[in-house]
Amino acid sequence: MGTRGQLEVKGSMEQKELGFAVVDMEREKRQGFAEVVYGAGKTAEQIAEILQALLAENSGNIMATRVSERKAAEVLSLVPEAHYDKTARLVYIERSVPPVDEAHRILVVTAGTSDIPVAEEAALTARLMGNDVKTCYDVGVAGLHRLLAHKDELLAANVVVVVAGMEGALASVVGGLVACPVIAVPTSIGYGASFQGLAALLAMLNSCAAGVAVVNIDNGFGAGAMASRINRSR
C-alpha cells in the first residue's frame, strides 16, 4: 500500500481496476460514504459490477444515481441486495437506517409537485448518508400560506434543501425565514422562458437572502450530499 498521497494502481485497497472503471475503495474512510455510482451512460452490467465491488470493501450504504427503471430491473437481478426508488431514480443498498434526530434534521421542500423527483433524489441521498430527513412538498410562493403552515418545521430544521423551478423564488423566501443553512436546487420545470432551469438557477444565485447556497440544475444528489456534510458538522 502506498503512503499518503501515493496511490498504487493495482494490488492495493485504495482503488480497484475493473477495465471500464477505477473504483475508489477508500472514499468511505476519507469522506464517510462510499463512492457513488453515476448511472447515466453506464450499462446495467457496469453499474452492477461497480456496486458489487463497493459492497465487498465498504461497510455502509451504497448507491447509484440516475438509473432508469428498465436499467434498474437488470441491476437488481444482478445485485439481489439492492432496492430501487423509481421517483428518485436511485438504486441503493441500505445496510443501516439513520436514527430519529430532531436536533439534526434535514428538511427538503419543493415549490411544486413537479419538483418532487429531484427532491426525492436529495432526500434519499441524505437519508442513505445517515441523516434524519423530512419532506414538505408543494409549498411554493404562488400560495405562500402553504409554506407558512410549515413554519415550525422550517425553524426546527438544521439544514433546509429548497427545490424549485419556474422563477425559483422559494429559496429566497425560505432563506429569509430560517437561521440554518439553505441549499437551493433549481429544476428544469417551467415554460419556455425558464430555459430548462436557467432562470431559476440565476434567480437563486442572485438571492438577497443570506445563507443560501446553490447547486446545479436538477442536482438533487449534490444537494443531499452537501446537506449531509453540513448537518453532520453542526
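Since five of the five residues of E10 are buried, E10 is largely enclosed by the rest of the structure. As for the labels, helices (H or I, at least four residues) and strands (E, at least two) are DSSP runs, numbered from the N terminus.

A quick word on what you're looking at: this is a predicted model, where local features need pLDDT of at least 70, side-chain atom pairs count only at pLDDT 80 or more, and totals for chains, interfaces and linings use all residues. Residues are numbered from 1 along each chain as its sequence is written, and side-chain values use heavy atoms, with hydrogens and water left out.

## E10's partners

On one pairing, E10 goes with strand E9 (residues 159-164) in the parallel sense, over five bridges. Strands count as paired if DSSP finds at least two bridges between them. Valine 160 has valine 182 in E10 as its bridge partner. Right-handed means that, with the strands pointing away from the viewer, the path from the first strand over the helix to the second runs clockwise.

E10 also pairs in the parallel sense with strand E11 (residues 212-214), over three bridges. There, valine 182 stands opposite valine 212. The chain gets from E10 to E11 through H8, and this β-α-β crossover is right-handed too.

Threonine 187 sits in the loop between strand E10 (182-186) and helix H8 (198-205). With 1% relative accessibility, threonine 187 counts as buried. Its side chain makes a polar contact with the side chain of aspartate 115 at 2.7 Å, and reaches the backbone nitrogen of glycine 165 at 3.2 Å. A polar contact is a pair of N or O atoms within 3.5 Å; within protein, one must be able to donate a hydrogen and the other to accept it, and residues adjacent in sequence count only if both atoms are side-chain atoms.

Leaving aside neighbours within four places in sequence, threonine 187 is in contact (heavy atoms within 4.5 Å) with residues including Val118, Ala200, Ile217 and Asp218.

## Another loop residue: asparagine 61

Asparagine 61 is in the loop between helix H2 (44-57) and strand E4 (62-65). It's buried, with a relative accessible area of 5%. The side chain of asparagine 61 reaches the backbone nitrogen of arginine 95 at 2.6 Å, and a polar atom of that side chain lies 2.8 Å from the backbone oxygen of leucine 128.

## What about the cysteines?

How many disulfides are there? Zero, counting a pair of cysteine sulfur atoms within 2.5 Å as a disulfide. For cysteine 180, the nearest cysteine sulfur belongs to cysteine 136, 13 Å away. Cysteine 180 is buried, with a relative accessible area of 8%. Cysteine 208 is in no disulfide either, with the sulfur of cysteine 180 the nearest at 17 Å. At 78% relative accessibility, cysteine 208 counts as exposed.

Technical notes
Buried means under 20% relative accessible area, exposed over 50%, partly exposed in between (1.4 Å probe, protein chains only).
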